[in-house]
Amino acid sequence: MSAPTYDLGKLHGGLRLQAHKSDSTSEPIVQIPVPDQLILPITQHAGDPAQPVVGIGERVLKGQLIAEAHGSLGAPVHASSSGKVVAIEPWPVSRRYGDDAPCIVIECDGEDRPIEPVEKHPDFESLPPDALLTWILQGGIVGLGGAVFPTAQKLMQAITCNLEYLILNGVECEPYISCDDMLMREYAHNVLGGAQILLYALDLKTCYVAVESDKPDAIHRLGEVLAELGDERLILKQVPTIYPSGGEDQLVQLVANREVPSGGLPTDVDCLVQNVGTAAAIYDWVLHNESLISRITTVTGDGVARPVNVEVRLGTTVGDVIEHVGGYTGQARQLIIGGPMTGKSVTSDRVPLVKATNCILVLSEPVSLSDEVPCIRCGDCASVCPVQLLPQQLFWYACADDEAKLRSYGLTDCIECGCCDLVCPSHIPLTFDFRMAKARIRELADEKARAERARQRFEARNERLEKEQQERDEELAQQKEDARNAGADAIAEIMQRKQDEDK
Amino acid sequence: MEFVRRDAPFLTPKVDVASMMLQVLAALVPAALAHVWYFGPGFIFNLVVATAFCVGGEVLMTRARGRDPVVALSDFSAIVTAALLAFALPSLTPWWVTATGSLFAIVVVKHLYGGLGFNVFNPAMAGYVVILIAFPLEMNLWVAPRMGDIDYISLSVLQTAKYTLTGSLPDALTFDAISRATPLDAMQSGLRNMRTYAEIRTNPMMGDFGGRGWEWLGNFFAFGGAWLLVKKIIRWQIPTGVLLGLLIPAGVMYIVSPGSNASPGFYLFSGATILCAFFIATDPVSAATSPKGRFVYGCGIGLLIFAIRKWGSYADGVAFAVLIMNMATPAIDYLTRPTIVGHSSRGGGNE
C-alpha cells in the first residue's frame, strides 16, 4: 500500500470554505426504492441527445436500452427499472438556461425485472482495449463529477495521446457534497477496480487516486483495499482541502505538477482525469453488466429534515427522493441541483435526478446582503482566482462590453468556480457577469459567422446574376449579329415566301 | 413547492465595503488620540470640519448625479477621506482651508471622476495638495509637540476653536511665537545649509529617530496598520513597497555619505511616512491592483518620497508621491499582469 503523500504542485488562490460535509456523512448510504414513475431525459450528458428506441406503450426491463447514442458525442440511456413507457414529452429539468427538455416517462410495474441475457466481463483483460472502450460506450457511462462528458469518447480521445498518468478524482472540494466520500467509504473495491480497468484499457502504468485531506475515513478505506489488491500501479495521494482543487485542470496541477494549456485538455500534458464515481460505474458495467441506471447523491442543507447520502435510480424526481428521507424543513426556500458554488437552482422539485446530479441542496432564505456597490479594486478577487485572472479588470471590460480586452484578460479561461464572488466586498456577482459576457462573446462569434455566411451568399448571388446577365447580353449580341449578317438574305427569303403564299 | 431562483454561487460574501472602511477608521483611533495629546485639540476641530464638508460634498454630488446620498454615505468612504485629510493638516488650520481641501477631494477628485471606485487620484491627497499650494501660510503653522519643554506654548480648546473659526490667534501671541519648524523642515534646511546630520541631530527638537513627539505618532499609525494587515483589510505589498522604496535609497545614501544625509530611521519616523505606507498608499481605488503591481506601486511612492525630501522644495512629499504614482497606476497594472494559468511560456508543461 502506498501512503498518502504531500509531494504536490501548487494551486494558485482558492478558498477554504466551511465544509458542511459531516452533516450528511453520519449515516450509511440510504437506498431509495423505485418510484412509481421515472422521468429519463434523453440528454443526460454533454453532447448530442440520445435517440429514443422505444415506443409509447412499450414494456421495458431494468437496464434495457431506451435511447441510443447519437452523433459523435453521444451516450445511451437505459431504463432504470421495469415498466411501461407512457410518454416521451418535455419535462422540467435542471439546466441553467431553458426550462423543459424531452424525457422518456416510464410507469414502473414495481417488479424491477432486469434484462437478460447478461454479458459480464470479469476477465476484462481478455478483451482488446478498443473492444473494452466500445463496451464502455454501451453502458451509458458519463463523467459523474458533474461535467457528464461521455466517458467512452473521452477515453477514445485519450488513447490516441501519449499518456503517462491516470488521475482518479476523489477530491470533491465543493462544500456540502459528500457522495464521492461515501462512495469511497462503501464501494472502495468498485472504485479501485474501475481504476484497474482504465489502466488496462489505456495501457498505463500509474494511477494517482487523489483524495482531499478532509476525508480520513475514505482515505483509510481506500488504503485497506489497496493493501488487499497489492497493485503497485495505484498510488493514493492526499491533497489539501481547498476549493477548487477538484477542478480537472487544478487537480492535474496539484497531483502531477503540470499546467494544462489554455483551451487544452489534461491529455495535452499526458494526464487523464476520471471521477471516482465514473470509475465505479465502469467497474459495475464491465464486471456485473449494470449499466448506469442509479447513482449516489447527497441530499443536504438546512432545508431538509435528514441530510444523508442516497443511492437512487436515475429518473426519480427530486421531490420523491426528499420525501423518502423525511421531507423538507419549514425553512426550505432554495432548491439547488449540485453544490453551493457551481450548482443550478430550480424552482420546482419535479425535476428528475439525472447522471449529473451529485447533490440536492436545499437551503433556507438567502442571506440578504447590502446592495451592490462599485468595485473598489481591492484585488481580493485576483488573489483567490485559481486561474490567476484579474476579475476586477474583467468586470470592468465586461461592463464596457469590450470583447478584445475580455479575450486578452482571459475571460475564456475563467472556470466559473465562484471564488471571486465570495470575497468581493462590493457584492458584485462576478461569476454571473462573466457567464453572461461569455455568452455574449459566443453570440457575437455566431453572429459574425452568420454575417460572414450571408455575405458570401450575397456575393455569390451577385456574381451569378452578373454572369447570367453577361451571358444574356452575349446571346442577344450574337442574335443581333446573326440577324445583321443574315440581313439581306433573310429579307429576300421572306419576300420570296410571301410571294409564294400570295400565289 | 416553489423555490427561489438564483444564480451560483449560492454562498454569500462575508465582507463588505462599509465594514472595511469602518475598520480603517477604527485603526486610526490610536493615532488620533496621540495626535490630540501631542498637538492639542485642533485635530478634532479639523476632523469635524473635514467630515462635515466631505459629507456635505458627497450629498451634494450624489444628488446632482441623481443617486441616493444615503447609499453613498453608508459606505463611509467620505469619512475615511475626511480623516486622512485631517491627519495631513497642521493642528491649527482655519476652517475654510480644511473646507476647500475637503470639497475639492470629494466634489472634483471623487465625484467628477465617477464616484467611489472610479477616482484616479487619492481624494485626500489631491485635496491636501490643493490647499498646500493655495494656502501656503496657513499650511505651515505647525505647533511644537507637547513634550514638557519650557518654551512650549499651547492653545486652550477655546483659543483653538477661535483660530479654527476666524483664523486669528489670541492677542498676546503672534504667528511666529507658536509656529515651529517641523523636524523635516529643520533637517532639510539644515542639510542644505551645509550642516552635518550629526549637528542637526543635536537640536533639542530631535528625538530617537525623527523629531521628539512627532516620531511617536508613527508608532500609533504602525500599530493601526498592523491591525489592518492582520484583519486582511490591507495586504502587505504596498506598505512593504513604500517602506523599502524609501529606506533602501535612504540607507544607501546614508552609508555613502552619513554627514550630508539623514538616516533611514529619520526618514521612517518623520512626516507622514508610516501614515502613507499603511493608510494612504493602500487606498485600493487609486492603487495598482495585482499583488506584483502593488509592490511596484508602493516602491514608486517610497522612492518619490525620498527624492522629494532629499532634492525637492517641499519638506515631506508624501502627497505628491502618491498622486504621481496614481498617474502611473494604469501602466503598472498593464505591465504587471499575472500570467494566466495555462498560458505559461513553456507551452503548458512545467516539469
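Predicted model: local features only at pLDDT ≥ 70, side-chain atom pairs only at ≥ 80, totals over all residues.
Leaving aside its neighbours within four places in sequence, with which residues is A:Ile167 in contact?

A:Ile167 is in contact with A:Tyr208 and A:Ala210, with A:Leu251, A:Val252, A:Val255 and A:Ala256, and with A:Cys271, A:Leu272 and A:Val273, once its neighbours within four places in sequence are set aside. This residue belongs to the largest nonpolar core, which has 247 residues, and together with B:Val322 it touches the most other members. Helix 4 of chain B, residues 77–88, supplies the largest share of that core, namely 10 residues. As general background, nonpolar side chains in soluble globular proteins tend to be buried together.

Let me turn to chain A as a whole. Its secondary structure comprises 13 helices and 17 strands. The C-alpha trace spans about 120 × 65 × 50 Å along the principal axes of the chain. Chain A has a radius of gyration of 30 Å, whereas a compact globule of 503 residues would have one near 23 Å. Of its 503 residues, 48% count as buried. Among contacts in chain A between residues at least 6 apart in sequence, 72% join residues at least 24 apart.

A:Gln334 stands opposite A:Leu363 of strand 17.

Next, the domains of chain A. The assignment gives domain 1 as 22–313 and domain 2 as 380–441. Their centres, taken over C-alpha atoms, are separated by 31 Å. How many residues does each of these domains of chain A bring to the contact? Domain 1 of chain A brings 5 residues and domain 2 of chain A brings 5 residues. On the domain 1 side, these divide into 2 nonpolar, 3 polar and no charged residues.

Chain B is likewise assigned domains: domain 1 covers 16–180 and domain 2 covers 183–336. The C-alpha centres of these two domains of chain B lie 21 Å apart. Their contact takes 26 residues from domain 1 of chain B and 26 residues from domain 2 of chain B. On the domain 1 side, helix 1, helix 4 and helix 6 (123–134) of chain B each supply at least two residues. Helix 1 of chain B gives the largest share of that side, 10 residues. By class, the domain 1 side has 20 nonpolar, 5 polar and 1 charged residues.

Also in chain B, helix 14 (residues 273–280) is mostly covered, with 8 of its 8 residues buried. Among them are B:Leu275, B:Cys276, B:Phe278 and B:Phe279.

Finally, the contact between the chains. It takes 57 residues from chain A and 42 residues from chain B. Helix 1 of chain B (residues 17–39) gives the most to the chain B side, with 3 residues. That side has 21 nonpolar, 13 polar and 8 charged residues.

Technical notes
Residues numbered from 1 in each chain as written. Chains lettered and ligands numbered in written order. Contact = placed C-beta atoms within 7 Å. Helix = DSSP H or I, 4+ residues; strand = E, 2+ residues; numbered from the N terminus. Nonpolar A, V, L, I, M, F, W, Y, C, P; charged D, E, K, R; others polar. Rg over C-alpha atoms; globule rule 2.2 N^0.38 Å. Buried ≥ 20, exposed ≤ 12 C-beta atoms within 10 Å, placed from the backbone. Core = buried A, V, L, I, M, F, W, Y, C linked by C-beta atoms within 7 Å. Domains from an automatic or database assignment. Pairing = 2+ DSSP bridges.
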